[in-house]
Amino acid sequence: MNRRTVSSTHLPTLRPLAASLLLALSTLPMGIAFAGDLDDESAVVNPGDTPEAWRLINNSQLAVVGGKTLRISAGGTSTVTLENAEVVRSGTGYTAVELRDDAIFGAVNSRFLGTIQLDGGNSEARLENSEVIVTTAGQAPSNTVSVGVDLSSGPAGGGARTSSARISGTTIRVEDAPDTSQPYNSGLGVRLLFGQVDILNKSHIVAANVGALLSGTVSAPERLRLSIDDSTLESGHGAAIHVRPLGSDKRYDITVSNGSQLIGGDGNLLLVARETPAMGRADVAFTVDNARLAGNITFDPGTVNGTLDVALRNKAQIDGRFFNVTSASIDDNSTWLLTGDSSVGRLALGSTGTIGLGDGTTFNTLTVDSFTGDGGTLAFNTQLGDDTSASDKLVITGDANGQANVRVTNAGGTGAKTDRGIELIDIGGASNAQFDLVGRAVGGQYEYFLVKDANGNWYLRSDLAAGPDPCLVDPSLPECKPVDPIDPVDPPSPVLRPEAGAYLANQFAMDQLLRHQWRDRQGGSTAIDGVRGWARVDGTQSKLSAVEDQLDLRVDRSRLQLGADVGVFDNGRGRVGVMGTLAQSSATSRSQLTGYSARGKVEGGALGVYGNWNTDALYVDASVQRGQFRNRVQGEGLAEERYDSDIWQSSLEAGYRFDIGQIGNTALRLQPELQLVYTDATTDRHTERNGTIVRSVGDDGLSGRLGLRLQGESRATVGAAVSPYLAVNWYRDGSSNGMAFDDDVLQASLPRNRYEVSAGGRVEFRSGLSGWGGLGVMRGDHGYREATANLGMSYRW
């Protein structure tokens, strides 16, 4: 048969006939009129041509360029090409395009009002930057089918089923059918009863019921494939993807990649289920590659016989629950974040995979038949407290093998002593896996450790046990001695975290940063005329005894003080002045048990006033200061904590000098001294990132100093006068400061009594300039040690 070419613009007799047929058939519920029948022929539809329905058989070709047609049906090896075109379903039917056999269909920048259906064979459809809209308007009330792109058999379908559809940069919107009694036919964005569909390049499918439905027919090949790449699949009241087997053995390969989004109206990303049990087997492979999804994955073993294997790779993430998943593999920087209790058969956690068992708002249980770890991370949320604390939990009913890391976040726990511990991992079979705590688990003032018990399960404990105690599991073992009820063995103490020591060190430093004596400002000079300005610097290193025999504290303090007299009275004997202080402290707290350390930092300043009166024998001094400080605590592997504090500190001091002799032109004098210091400090109530509430206790109190000073005073008519000194002091603190971590109060082992020996000297020039300095060492209760050095100068005018 000779091939002929037909152009619709040259069919003047066909258009009136087609229009008449279409008008007549449009009033019937079942008829479709094909005004353009092509049999091994070709035709072109141009802009302005009257819309017609087309049917192509054998090797026909139809091109629609900028034109509009009604329903297109193509079979054989026909080819249909559309560009900037529009196709509208005919009559009360629902299909805009139907493909059979080996027909090929391609559309660019085109619009379809109706379903694109591939009835089988090797037919192919390619949609690019196009739009498919399926609405109920104009459909018969009894119609139960509304699908965007449909790979399914028509009434006379049969034969091979290897069709494929490629949907690129295309939008598909599907409403429910007029009759929704068959949910597997209604409101479907894409349906696959066979073949393969690729959705890519920012395509967007919005379906009233299910985004994509996969149901393998009996005559279809064994494997169905759905790929979603850089696109969105959204369902209204069903799952984003629903696998509904029809009764024959089939494998379903589903891949979601490159930032694609699945939005399930019922909360399911993927649902494998039927209304009633089906014969045959369905094996589903669901792979997420470089995409973040939120929703559940559900397999219903009551209606489906088969498996559901889930794989996350290449930075993929799923936030949701897994129900009856056969196997899950989390690897390649991927994450599964549970939003509720979940169940998996075989769980494999790769070296860079992460499973977060929750976000801390609720506590979830993940139940698996077997676990294999290859270095990935399990993230638990736990209310760190005693053995009864709430926590996420991993339950392995079978064997556990390999290695995995465990990261624990405190979910508002206040810390407490544990016995057996807080159970994180329950293993019913062979406990061969190694679980290692990464980072730190801290609650209140305590450090927690991940310990494998003799029963094979893994617990968090606030004491540092050497290993599982078999006697806790079976006290009847021969090596287990019975516990003396009168004098039982004390259990190990909970392990303090070093941050607790850093808070205490900051508190101690703030109390000490403003303390000074009258001679620190005056240098020890007696009454002189004139107004003085002065400046001094000092530095101190303190080592406090271990807190609870666990935390070693070291504190370095330094400050700069400036002051000047603002008034002088009684011939220079009395004076009043103002002063300012810039001070800072750096502290280190190190745990003797764990080796962890924390750093404390205090920075700030103060303003104050002073007044004194002195003669050659007697002096009286008073001062008041108001300081504000910024505090920081930085724990090893933890976030930095910041809080503020302020302090009022007042001092009253007096001393009396006695002449005891003379060496050359240097007079020796002995001076007893008494000083009282009252401190009123306030530290902000601070909530740490892990939820621990930190507050200060015992910041107020009265302290005293009793000293004895041996001073040599020389008089020089020319040059400079030098006055050395040697002093001893006894410091007595009236109260011991402390910090509360949630409800537990911890106090530093600060000495009530401290003893100091210091020596130094003063040089005074006739010009009015003078300078002084000294060194001191201090010892105290509980092994307290301190060393200090200071320099000062003043000028009189």
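**Rings, cores and strands: a chat**

Student: Let's start with Phe 508. Is Phe 508 buried or exposed?
Tutor: Phe 508 is buried, since its relative accessible area is 5% and the cut-off for buried is under 20%. Keep in mind that this is a predicted model.

Student: And which aromatic pair does Phe 508 form?
Tutor: Phe 508 makes an edge-to-face pair with Tyr 784, with 6.2 Å from centre to centre and 75° between the planes. Phe 508 belongs to helix H3, while Tyr 784 sits in the loop between strand S63 (769-780) and strand S64 (785-796), so this pair ties together parts 276 residues apart in sequence.

Student: Nice. Is Tyr 784 buried or exposed?
Tutor: Tyr 784 counts as buried, at 1% relative accessibility.

Student: What about the rings of Tyr 656 and Phe 658, how are they arranged?
Tutor: Their centres are 5.1 Å apart and their planes stand at 65°, so Tyr 656 and Phe 658 are an edge-to-face pair.

Student: Which residue lies over the face of Tyr 596?
Tutor: That's Arg 440, at 4.7 Å from the ring centre of Tyr 596. Another case is Arg 754, whose charged end sits over the ring of Tyr 731, 5.2 Å from its centre.

Student: Switching to the core. Which residues touch the most other members of the largest nonpolar core?
Tutor: Phe 105, Ile 241, Phe 286 and Phe 435 do, in a core of 130 residues. Helix H3 (residues 498-513) gives this core its largest share, seven residues. Apart from it lies another core of nine residues, including Leu 513, Leu 514, Ala 583 and Ala 681.

Student: Which residues is Phe 105 in contact with, leaving aside its neighbours within four places in sequence?
Tutor: Among them are Val 80, Leu 82, Val 97, Leu 99, Phe 112 and Ile 116.

Student: Zooming out, how many helices and strands are in the chain?
Tutor: The chain has four helices and 64 strands. Of its 797 residues, 53% are buried. Among contacts with a separation of 6 or more, 65% are between residues 24 or more positions apart.

Student: What is the strand order in the open sheet of eight strands?
Tutor: The order is S6-S9-S12-S15-S18-S21-S24-S27, with parallel pairing. Strand S6 (68-69) and strand S27 (261-263) are the edge strands, each pairing on one side only. Inside the order, strand S18 (residues 171-174) and strand S21 (residues 204-207) pair over four bridges.

Student: Which residue in S21 is the bridge partner of Arg 173?
Tutor: The partner of Arg 173 is Val 206.

Terms used. Residues numbered from 1 in each chain as written. Predicted model: local features only at pLDDT ≥ 70, side-chain atom pairs only at ≥ 80, totals over all residues. Heavy atoms only, no water. Core = buried A, V, L, I, M, F, W, Y, C linked by side-chain atoms within 4.5 Å. Buried < 20%, exposed > 50% of the residue type's maximum accessible area, 1.4 Å probe, protein only. Helix = DSSP H or I, 4+ residues; strand = E, 2+ residues; numbered from the N terminus. Contact = heavy atoms within 4.5 Å. Pairing = 2+ DSSP bridges. Phe/Tyr/Trp six-rings, centres within 6.5 Å; stacked < 30°, edge-to-face > 60°. Lys NZ or Arg CZ within 6 Å of the ring centre and 35° of its normal.
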